Amino acid sequence: MSIYLDNAATTFPKPPAVYAAVQHAMAEVGANPGRASHRRARDALAMVSDPRRRTAEILGIPDPDRVAFTKSATESINVVLKGWLRPGDKVLTSGLEHNSVVRPLARLETLGVRTEIIPCSRRGELDLEGFARALEGGLRLVVLTHASNVNGALLPIPRIARMCRESGVPLFLDAAQTAGVQPISAGEWDLGMLACSGHKGLLGPAGVGVLYVREDLDVLPLVEGGTGSRSEDPRQPGFCPDRYESGTLNFPGIAGLGAGIRYLLEEGLETVLNHELKLAAEIEDGLSELNGVEVLRPSVRGTGVVSFTVEGMSPDEVAFLLDKAFDIAVRSGLHCAPQAHRTLGTFPSGTVRVSPGHMNTPEQIDSFLRSVHTILQHRR
Ligand SMILES: Cc1ncc(COP(=O)(O)O)c(C=O)c1O
């Protein structure tokens, strides 16, 4: 039986209600939300407003209208970095970031934006003293991942958010790995901006991302166009979410996201998190007993993501054998986060990454561990 352990890339399977919501949106509602006043369009609008409310609820965003739907976390990150930073600005980030942050920043550097990277330890701990010093250096923005997509290391965001607030620097949180898994309170933490994917921990389909921008921050949109509002005005509306939602929304995807979040709210985030952490602990402990396997244990674990290496075998080889011989899906390589691998000491070959999700069982983890054991026995 096929075992899927690549939930950090995207969660699978989704709760059945997610598939049903997508089907309902496409086959039974069908109209374009916010573009007309007929009944179908009103139903379509409700299919977007309702998920917007739920998204705000699960991320602790006080006003649902501050939630904009994009196509991905990557797009949301691009909106913020390119719509907020100007030549000469300085931005602070960490040594654990995903390419979704690293690459837009590299592009912005060519336009005169300066980036400072606060290092992290090999166990994923941010140098908080260095961070506090850097905060005094005339910053325009701090952008940080909430948890590493390589080994699940959690950054102490409530504490960091307090430090940012005291220094008057907006904190932009990349919650791609933690939304729907870790408790998040954008309002209480006074985050400046937040980006996350709809298709990972929030259990929605691919093609929807979430963007939150605090009301007092003037982040320019990346795309302008039709919003269904203020059509007489050639300028992009200044109010949210329309400011960041030009063009027809992916309403079937958003409806699916709403169903995913409803499932999470009914299950309870704590139950989901504990399940993932328990499976991750079983993976870590089981792998640690195997000869020649090194597990990249984080100092503080925030998600179920576990990375490991095998002596004498490349990560690609291990992942290939798991897939081919045992039908177990894991990911190998750099996981779009070369900077994190440099920090964790696994650049350039990367790691094997195992990421259990809400649907995985302890029996599947046992099968995975037995399969790695068998692979090791046959190692040349
Ligand atoms: C930490 C982090 N940030 C951003 C992203 C980008 O998410 P998406 O591919 O949904 O745009 C990912 C995806 O894996 C991620 O792990």
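Q: What makes Ile365, Phe368 and Val372 the buried residues of α11 in this predicted model?
A: The test for buried is 20 or more other C-beta atoms within 10 Å of a residue's own. On α11, the residues that count as buried are Ile365, Phe368 and Val372.

Q: How do you know which side of α11 they sit on?
A: Look at the arc: they cover only 60 degrees around the axis, which puts them on the same side of α11. The general rule is that an α-helix has 3.6 residues a turn, so residues three or four places apart point the same way.

Q: What makes up the cover over that buried side, and what is on the face turned away?
A: The cover includes β1 (3–4), α8 (269–288), β11 (328–329) and β13 (351–354). Turned away from the buried side are Glu363, Asp366, Arg370 and Gln377, which are exposed; the cut-off there is 12 or fewer C-beta atoms within 10 Å.

Q: How do you know that the length of α11 agrees with what a helix should span?
A: Helix α11 (residues 362–377) has 16 residues, and at 1.5 Å a residue they should span 22 Å. Its end C-alpha atoms are 23 Å apart, so the two agree.

Q: What makes domain 1 and domain 2 touching neighbours, and which element gives the most on the domain 1 side?
A: The domain assignment gives domain 1 (3–12 + 268–377) and domain 2 (16–267). Contact here takes C-beta atoms within 7 Å, and 33 residues of domain 1 are in contact with 33 residues of domain 2. On the domain 1 side, α8, β10 (306–310), α10 (338–344) and β13 each give two or more residues. α8 gives the most, with six residues. By class, that side has 14 nonpolar, 15 polar and four charged residues.

Q: What makes up the shell around the ligand, by class?
A: The shell has two nonpolar, nine polar and one charged residues. Among the residues surrounding the ligand are Ala73, Ala176, Asp174, His98, Asn149 and Gly209.

Terms used
Residues numbered from 1 in each chain as written. Predicted model: local features only at pLDDT ≥ 70, side-chain atom pairs only at ≥ 80, totals over all residues. Near = placed C-beta within 6 Å. Nonpolar A, V, L, I, M, F, W, Y, C, P; charged D, E, K, R; others polar. Helix = DSSP H or I, 4+ residues; strand = E, 2+ residues; numbered from the N terminus. Expected span 1.5 Å × (residues − 1). Arc of directions from axis to C-beta. Contact = placed C-beta atoms within 7 Å. Domains from an automatic or database assignment.
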